[in-house]
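We will go from one stop to the next, picking residues as we go.

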Amino acid sequence: MPSSTLQWLSLVGIIWLQAINGTNSNFPAYSSQLKQLLSISQIQLNNLAFASDAGKLFGWFSGLATIYLPLWLVLTIGSFLGLIGYGVQYLFITNQISSLSYWHVFLLTFLAGNSICWINTVCYVIAIRNFLSDRQVAIGLTTSYQGLSAKIYTNIVDVVSSHNKAKTFLFFNSFVPVVVGFIVAPLVREIEVKNTKHSSVGFALMFVITIATGIYAVMSSLQIFTNKISSLGVLIGILVSLFLPLLLPISMKIKELFESCHKKRERLRIYHFTMEENTTCEERIVNEVKEGEDRCEFEEVGVMEEIGVKLMLRRINFWLYFFVYFFGATIGLVFLNNLGQIAESRGCSATSSLVSLSSSFGFFGRLIPSLMDYFYRGKHTISRPTFMVSVMAPTAGAFFLLLNKTDLSLYISTAVIGISTGAITSTAVSTTTELFGTKNFSVNHNVVVANIPMGSFLFGYSAAFIYHKEGNEHGKCMGMECYSNTFIIWGSFCCLGTLLALILHFRTRKFYSQKQ
C-alpha cells in the first residue's frame, strides 16, 4: 500500500486510540456510586482519583519502552495494564473476588492510570515521526479526540445500563482499549513518507470532520437535544463520527489507483519512444523526486534546544513551564475529577450531562492549538506561553464564578474549565518539543506531566479535607460551603499560574519571534 495512504491510516488509528484512552476522565460519572459500593469516605475516594493520576509518575517507563521495543508491543502492554487495573476492580465490584482491600483497589487504580501513559506515548511518537513537518497539527488534532472519551463511555453506559453504572464503567474501561488496541496495532507504525504535498488538503478535510464531530458532541450533551433523541441514537451518531476520518485514506487510495491506471495508459501510448528518451525523462523525474525528498527531510522543525531529561531539569524554563501546567491544566483536571461530588453537593442531579459537557468542550479546547498551527503556519501567531496566558485567565474567573449557587454558573464554569484544560493539555505536547527537542520527547514529556499526580494529591486532598470538615457526622456535605473555599484557593493558584506563563513568555519570545 502506498506510503501516503498508510500515513493517513496511522492518523486514523491514533484518533481511535485517543478517543477511548481517557478512561480516567469518566471517573466523576460513577464516583458517587463507587463511594457507596466500597463504603469509603470522601478522602478515600479522592485518594482513588489521585491513584489514577499517580500512574503518570511512572509514565517515563513507556517513554523508554518506545526506544527499545516495537510500538505495537508498547501499545499492547498499555492495553493489558488497563485490562488488569480496571478488570480486577470489576470482578471485585461484581463479587467475583471477595478478598480485596481498599489498598488493593488503590494499586489497581494506579496501574490503570499508568496504562493511559503507554497508549498516549505511542500516539505522540507516531504523530511526530509520521508528520514531522506538521507534528503540532497532527498531535493537536488527534489528542482532541481524547476529550471525547468521557462522553463516549458515558453514552455507552447510558445505553447498556441505567443502574449499576460503576460496574458498567469499569467493565468497558477494561475491555474497550484492549479491543481497539488490537484492531489498530497494525496501523500505528512509523511510515517512510516520500511525498507530503497533499498534507495541507488532508488536514483541512480532517478539521472539517473533527469540528463537525465536536459540534455534534456538544449539542448531544445538552438536555434540549437529549430529550428529543434516544441514548442509542446519540451513541450511534458519535460512533459514526469516529469512522468518518477513514474517508481521507480511502480517497487517497482511490486517487492513487486512478493515477496508477493513467500512468499505465500513458506508457502504452508512448511505447515507441526510444530508450534514450525514456531514460532521460525518468532521470529527470527521479531527480525531482529526490529534490522533494531532500526538502522534506531537511525542513526546519523549529526547536529551542535538543536536550535530555537531566539538562531539562536544570533549565529555569522547564520549572516555569512545569508550574504553569501545575496551576492550570492540573487544577482543571482535579476539578473535573471532583465534578460528581461538586454537582451532588450543590443539589444538581445531572452529573452525566455535566461530564458529557466538560468532555465535549474539552474536545474543542484540545483542538484549538492545532487549528492555530494549521491556519497560521509561516505567519505571525502568538507563542505557546502567550496562548497559555490567554486560556488560564478565564479559568481563574470560572472558579470564582462557581461561588454563585445557580446551576447556570456551574454549567458555564464547567464548559470554560473544560476548554482551558483541554487547550493547555494539547498545546503542552508541542511546547515540550519546541523548548526541549524531539529526540528525547517521549521521556521529557512524561516528566512534565508528572506534575498531574502531584497536583491531584495536593489540590484534591485539600478539597476532600474541606469537604469532610464541612460535612455531617456521616462525612456527607450538602451546600455551597462544601467547595466555596476550595474554589477560592484554586482560582488564586490559577492567577499565579497565569503570571508564571507571562514570565515564560518574556523568556522565550526571542525564540518564537525567530521561529515565525
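**Stop 1: an enclosed helix**

Select helix H7: 10 of its 10 residues are buried, so this helix is largely enclosed by the rest of the structure. Buried means under 20% relative accessible area, exposed means over 50%, and partly exposed lies in between, using a 1.4 Å probe and protein chains only. Helices are DSSP runs (H or I) of at least four residues, strands are E runs of at least two, and both are numbered from the N terminus.

This is a predicted model: local features need pLDDT of at least 70 and side-chain atom pairs count only at pLDDT 80 or more, while totals for chains, interfaces and linings use all residues. Residues are numbered from 1 along each chain as its sequence is written, and side-chain values use heavy atoms, with hydrogens and water left out.

Stay on H7 and colour its buried residues, among them Arg135, Val137, Gly140 and Ser144. Now pick Gln136, which lies in H7 (residues 135–144). Gln136 is buried, at 10% relative accessible area.

**Stop 2: the whole protein**

Zoom out. How many helices and strands does the protein have? The secondary structure comes to 24 helices and 0 strands. The protein has 516 residues, and 55% of them count as buried. Contact means heavy atoms within 4.5 Å. Take the contacts with a separation of 6 or more: 84% of them come from residues 24 or more positions apart.

**Stop 3**

Next, select Leu48, Tyr145 and Phe203. In the largest nonpolar core, which has 78 residues, these three touch the most other members. Helix H6 (residues 102–130) gives the most to this core, with 14 residues. A nonpolar core is a set of buried Ala, Val, Leu, Ile, Met, Phe, Trp, Tyr and Cys residues joined through side-chain atoms within 4.5 Å.

Centre on Tyr145. Beyond its neighbours within four places in sequence, Tyr145 is in contact with residues including Ile15, Ile209, Leu242 and Phe363. Then jump to a second, separate core of 57 residues, which includes Ala428, Val448, Tyr467 and Cys482.

**Stop 3: the cavities**

Rolling a probe the size of a water molecule over the atoms shows where empty space is left. A cavity is a set of points, on a 1 Å grid over the protein atoms alone, where a 1.4 Å probe fits but cannot get out; lining residues have an atom within 4 Å of a point. Grid points are joined across faces, edges and corners, and a volume is the space filled by probe spheres set on the points.

The structure holds 6 cavities of 30 Å³ or more.

Move to the second largest cavity, with a volume of about 50 Å³. Its lining includes Phe27, Ser31, Asn46 and Gln341. H3 gives the most to this lining, with 4 residues.

Click Gln341, in helix H18 (residues 339–345). Gln341 counts as buried, at 2% relative accessibility. Leaving aside neighbours within four places in sequence, its contacts include Lys35, Tyr467 and Tyr483.

**Stop 4: the rings**

Show the aromatic side chains. Rings of Phe, Tyr and Trp (its six-membered ring) pair if their centres lie within 6.5 Å; planes under 30 degrees apart count as stacked, over 60 as edge-to-face and the rest as tilted. The structure holds 38 aromatic pairs. Phe326 and Phe327 form an edge-to-face pair, 5.1 Å centre to centre with 70° between the planes.

Finish at Tyr467 and Tyr483. Which kind of pair do their rings make? The centres are 5.7 Å apart and the planes are at 50°, so the pair is tilted. Tyr467 is in helix H23 (residues 451–470) and Tyr483 in the loop between H23 and helix H24 (484–515), so the pair ties together parts 16 residues apart in sequence.

Terms used: On a 1 Å grid over the protein atoms alone, a cavity is a set of points where a 1.4 Å probe fits but cannot get out, and a pocket is an open set with protein on both sides within 12 Å along at least five of seven lines; lining residues have an atom within 4 Å of a point.
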